[in-house]
Amino acid sequence: MADSHPAMHLHTVRPDDWESHRDVRLAMLQDAPDAFWFTYADEAVYDEADWRERIEGAWLVQARDASGVLGSAGLGSHWEPERATVATLFGMYVAPRARGRGVGEALVHAVLDEGRQRGKSEVVLEVTSNNPAAQALYERCGFVVTGATHPHPRRGELHEIEMVARLDVG
């Protein structure tokens, strides 16, 4: 590798990874509080059992290098039963020190690949209206704006923009 960055690799998060998941999750909630539905205060009180349960309830991936966790993303089944073939990308985060290194693209592509392997036809996400960099990342990775928006959970001047990536399954 020509650059000075240590090699990045992707790691599927297991319940025994609860401490690294907790650490990156709490960091993202502090660093970008408007980007996530839950708050630092909501999740800082979780104990080990809570973190393990959260990991077991979804598919999570971390980007790591020799310095530690660079970012994280998750894939969950859509919560509406009539949308069983739809998965949701959530909890997308790249640490400030790792931005501009392709970490976000690697995480998004890992989530899309997992959705494809699970037979999903599309992956949806919501991006906060004050985050054009994230929206541009998702567009580079094949997501398109659906036109649907939802109110931000805490800030009335913001809204969540729905985006979708259609998957070629099979």
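Modeller: Two strands pair if DSSP finds at least two bridges between them. Keep that cut-off in mind. The model here is predicted.

Biologist: How do you know that E6 and strand E7 pair?

Modeller: E6 and strand E7 (residues 159-166) share 5 bridges. The cut-off is at least two bridges, so E6 and E7 count as paired. Their sense is antiparallel.

Biologist: Which residue in E7 is the bridge partner of histidine 150?

Modeller: Glutamate 160.

Biologist: What makes E1 and E6 edge strands?

Modeller: Take the order first. The 7 strands run E1-E2-E3-E4-E5-E7-E6 in an open sheet. Strand E1 (9-12) and strand E6 (144-151) each pair on one side only. The pairing across the sheet is mixed, and the twist averages 25° from one strand to the next.

Biologist: Which residues make the contact?

Modeller: H4 gives Gly104, Glu105 and Val108. H5 gives Leu137, Tyr138 and Arg140.

Biologist: How do you know how many of them are nonpolar, polar or charged?

Modeller: Val, Leu and Tyr count as nonpolar, so Val108, Leu137 and Tyr138 fall in that class. Glu and Arg count as charged, so Glu105 and Arg140 go there. Gly counts as polar, which places Gly104. The tally is 3 nonpolar, 1 polar and 2 charged residues.

Methods: Residues numbered from 1 in each chain as written. Predicted model: local features only at pLDDT ≥ 70, side-chain atom pairs only at ≥ 80, totals over all residues. Heavy atoms only, no water. Helix = DSSP H or I, 4+ residues; strand = E, 2+ residues; numbered from the N terminus. Axes fitted to C-alpha atoms, helices over the stretch in contact; angles between N-to-C directions. Contact = heavy atoms within 4.5 Å.
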